[in-house]
Amino acid sequence: MATATAPTAHTSEYQPQDGLLLEVEDLHVEFHTRYGVAKAINGVNFSVRQGECLAILGESGSGKSVTAQAIMGILDMPPAKIPQGSVKYCGHDLLTMPEDRRRKTRGPEISMIFQDALSSLNPTFPVGWQIAEMFREHRGMNKSDAYAQAVRLMERVSIPAAKQRVKAYPHQFSGGMRQRIMIAMAISLDPAVLIADEPTTALDVTVQAQIMSLLQELQQERHMGLILITHDLGVVADVADRIAVMYAGRIVEQADVRDIYAKPAHPYTKGLLDSIPRLDLKGQELSAIGGLPPNLMHIPPGCAFNPRCTMAQDICRRDRPELVEVGPHRKAACHFSEEVLNA
Amino acid sequence: MTKYIVRRLLQMIPVIIGSTFLIFAMVFALPGNPLAGKCGERPCPPAFVEKFRADHNLDDPLPIRYVKYLGDLAHGNFGTTFQGLNVLDELQKRYLITVKLAVIALLFEAIIGVLAGVLAGIRKGKFIDNLVLVSTLVVISIPTFVIGSLAQTIFGVKLGWFPVTTPSKPGWYDLLLPGLVLGSLSLAYAARLTRTNLAENLRADYVRTAVAKGLSRPRVIGVHTLRNSLIPVVTFLGADFGGLLGGAIITERIFNIRGVGGYIFQSINSRDGTAVVGAVTMLVIVYLFMNLLVDILYGVLDPRISHD
């Protein structure tokens, strides 16, 4: 039996091929509401390898969280529907897998951390119980062994006096400590892929940094594939290896983190980077992207970003740009990515 | 916790004194002469009237009578009725029956009501949900005396499954049908309360977490969702049980049960103040203790509520 803390090699039916853990191909998700169909994700492709951190970046409503939930299989269906696409984990398509088999991947293979740890932890059970539940349900461990594992994990995520606090309830912890508990629970069965959906958004800035460095540390220690979903460019820079920028349910740019910060290839990415406050531009007006993200029930024809884009031409309103190679290891979906790159 | 309980117990004292005084004053303010018809067709002899009035303190002013009554109560003496029967003995006899009836009603509400609510809640908008909603609406809309009489006619008289009326010392089975009738209204409320809470909690973030933990659906619902959803239901059932222990006048009348409800009803009719006040005092105390129990239970079920 694999122990919780030792970063042992994965001993399961799922073996990554050449380090490739997760492949998302042409994923579509739509929400059927009484007002119409909202197309939340419109053909997303990416992959995650062992030990790699992919950041998915985007505004609210860009589809980043829905992507995560579709991978995890926790979308409410209905109203959500996945009309096409596949999510392959070690070559096995999670979307066509029998539900019972897929359920058993949640926790030991793929795991997730949510934004608001207070509402995401069950208020009526002690935190240790909630961590121990992973071992009891997935590994059939007895109560005292599972509690011992819970204490060990709580110690691993640096919760002071873990032994005493294992029986405490979520509301008795601070926000940062609660998020640590959430992390302890998510990594408890040593998953190969960890999805962190805005893990630091609900926390204050000093705690944000601690949580991010904890995540990074755990990812490197366990050689996990980490999908970091965020709208915070500052959080991404230190942790991520690659970045996928999402807009209106599509990836508009994908590149290594250094390349993207040095030279964005999409006007939207450029707009995002320009809107970060910078010390050397102190006193100047902060630039912002004008307009609002599109209504997902009426995504504009052509490039979805064209109504807000300063470079938009006729072709942008007519033809939707595909995500194509624009350089080594980088892709962008813009008719004018060359111009943006060379600007 | 102990501190909390002691404080709550102390708070009961003014409530008991206040409520008994109100009932005492109201009962004795009722018009009517307890001696009317006492001695048949003719007026009672003056000596008897005098002794009767003295025995029951009828000539004292209200506050003094009340204080005398409280003094007796403090010694465990609930007084005697105008018929000369000991109120405490009468209450004990009848209370056992009322408790049995209340327990049947509560079990019925808790088991069937919660079950129906859970089924409806997890299949919201589906056939079973609509079935529960419509049938509970029917139960809520029909008055108890209609349901009671119907049940008595169908299951007692026509089908003969249950006794039509209850004997003076009823067993559990004799009280089953009346218990079901008595619990039917609260069952409907309990089912709807469970359904709404469950359906709402199923969308909660921590339920999504439970799914993401790879737990089976029965465990996600049965362990993670149900516990939170049942907190208000338990509170409702507890308060309802307190009410049920106060007797059920209509149900008792229909099935001829000699419970507390009927006793109070009779005593009010015969202007038997001592009996009314004695019975109601006990009901107030029972109700207060049930409330305390519910509040303590609430703290046990929901760790966020602290009684310190």
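Student: How many salt bridges are there between chain A and chain B?
Tutor: A word on the ground rules: this is a predicted model, where local features need pLDDT of at least 70, side-chain atom pairs count only at pLDDT 80 or more, and totals for chains, interfaces and linings use all residues, while side-chain values use heavy atoms, leaving out hydrogens and water. Residues are numbered from 1 along each chain as its sequence is written, with chains lettered from A and ligands numbered from 1 in the order in which they are written. A salt bridge here is a side-chain nitrogen of Lys or Arg within 4 Å of a carboxyl oxygen of Asp or Glu. Between chain A and chain B, the count is 3 salt bridges.

Student: Which residue of chain A does the side chain of Arg219(B) meet in a salt bridge?
Tutor: Look for a nitrogen and an oxygen 2.7 Å apart. The partner of Arg219(B) in this salt bridge is Glu133(A).

Student: Which helix of chain A gives the most to the side that touches chain B?
Tutor: Across this interface the rule finds 11 residue pairs in polar contact, both at pLDDT 80 or more (N or O atoms within 3.5 Å; within protein, one able to donate a hydrogen and the other to accept it, with residues adjacent in sequence counting only if both atoms are side-chain atoms). Helix 1 (64–72), helix 3 (117–120), helix 4 (127–139) and helix 7 (175–187) of chain A each give two or more residues to the side touching chain B; helices are DSSP runs of H or I, at least four residues, numbered from the N terminus. With 6 residues, the top contributor is helix 4.

Student: How much area do chain A and chain B bury between them?
Tutor: Buried area is the accessible area (1.4 Å probe) that two parts lose on being put together, summed over both. Carbon and sulfur atoms hold 58% of it here, and the total is about 2,100 Å².

Student: Which residues of chain A lose the most area to chain B?
Tutor: Three residues together account for 24% of what that side buries. They are Pro123(A), Thr124(A) and Glu133(A).

Student: How many helices does chain B have?
Tutor: Chain B has 0 strands, and its C-alpha trace spans about 85 × 55 × 30 Å along its principal axes. The count of helices is 12.

Student: Is Arg42(B) buried or exposed?
Tutor: Arg42(B) lies in the loop between helix 1 (2–29) and helix 2 (46–55) of chain B. Buried means under 20% relative accessible area, exposed over 50%, and partly exposed in between (1.4 Å probe, protein chains only). Because its relative accessible area is 57%, Arg42(B) is exposed.
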